[in-house]
Amino acid sequence: MNTHRITIGGLARDLPIVPVDPEIAIAFLKLYGDLPLVDAATDELAARLDPSTEVIVGPETGGILLAHKLAEKTGRPYAVVRKKVRPNMTSPLTVPVQTIGTATAQQLVLGDDDAAVIRGRAVAVVDEVVSSGGTLVALGRLMHEAGAHVVQTLAVATEGDRRLDVVALCHLPVFPRAGAAARP
């Protein structure tokens with residue numbers, strides 16, 4: 001299997017390159033189950049966290065893990081954005097989202113308790129990988145609806161196009177399936 005090497009906080013990982021559609025493949029970053037990598041990544045992200053950040057926000061799935069660990073390291077509270085309404089949510093805020101990784105439109109959901117944590121506060125959004133930016137746009141709308149202000153977006157990696165609006169620890173190219181050179 002072909003791999004793509006990344007290094008974060010001195011830890012090297014060889015990510016498997018996996019097809020995601022007939023034309024492209026990606027280097028698949030999986031944090032769950034790799035505690036040393038999660039710790040190294042959150043140490044690096046904590047060092048780059050904007051000091052004006054009052055609350056850390058993590059979208060489901062990888063963002064939850066990162067938000068929790070980043071909150072532990074920085075002493076800041078965190079809130080979670082879900083992909084579906086949970087039974088404890090009485091008046092959730094929702095926005096539609098279409099991402100490169102999903103075939104159909106989904107929704108992002110902010111529960112009442114998490115909305116109360118971020119209302120009127122400066123937030124930093126943290127996620128595993130930022131690709132097309134669809135989730136970031138939807139998160140921005142959701143944060144605005146909740147009365148929060150996004151001061152920073154953090155990610156372990158960006159993928160595809162380079163993004164100046166995201167503080168990332170590494171960049172993952174997109175690989176064509178035909179064997180041509182990788183796109184930046």
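1. Two strands pair if DSSP finds at least two bridges between them. Helices (H or I, at least four residues) and strands (E, at least two) are DSSP runs, numbered from the N terminus. On that basis alanine 157 stands opposite cysteine 170 in β10, and five bridges join β9 to β10, two strands that run parallel.

2. The model is predicted: local features need pLDDT of at least 70 and side-chain atom pairs count only at pLDDT 80 or more, whereas totals for chains, interfaces and linings use all residues. Residues are numbered from 1 along each chain as its sequence is written, and side-chain values use heavy atoms, with hydrogens and water left out.

3. The chain contains four helices and eleven strands. Its radius of gyration (taken over C-alpha atoms) is 16 Å, close to the 16 Å of the globule rule for 184 residues, so the chain is as compact as a globular protein of that length. The rule is 2.2 Å times the number of residues to the power 0.38. Along the principal axes, the C-alpha atoms fill a box of roughly 50 × 35 × 30 Å.

4. Buried residues (under 20% relative accessible area, against over 50% for exposed and in between for partly exposed; 1.4 Å probe, protein chains only) make up 45% of the 184 residues. Contact means heavy atoms within 4.5 Å. Of the contacts in the chain with a separation of 6 or more, 61% are between residues 24 or more positions apart.

5. Valine 55 lies in strand β4 (residues 55–59) and is buried, with a relative accessible area of 0%. Beyond residues up to four places away in sequence, valine 55 touches Pro77, Tyr78, Ala79, Val117, Ile118, Arg121, Ala122, Val123 and Ala124.

6. A second open sheet, of four strands, has the order β1-β2-β3-β11 and antiparallel pairing. The edge strands here are β1 (3–8) and β11 (174–176), each pairing on one side only. Three bridges join β3 (residues 24–27) to β11, and isoleucine 26 has valine 174 in β11 as its bridge partner.

7. With a relative accessible area of 19%, histidine 4 is buried. Leaving aside neighbours within four places in sequence, its contacts include Arg13, Ile17, Ala27, His171 and Phe175.

8. Helix α1 (residues 35–48) lies across β1 and β2 (11–19), running at about 105° to β2. The end C-alpha atoms of α1 are 20 Å apart, which agrees with the 20 Å that its 14 residues should span at 1.5 Å a residue; the expected span is 1.5 Å times one less than the number of residues. Leu37, Val38, Ala40, Ala41, Thr42 and Leu45 of α1 are buried. Among the elements that cover the buried residues of α1 are β1, β2, α2 (62–74), β8 (122–130), β9 (149–159) and β10 (167–172).

Methods. Axes are lines fitted to C-alpha atoms, for helices over the stretch in contact, and angles run from 0 to 180 degrees between N-to-C directions.
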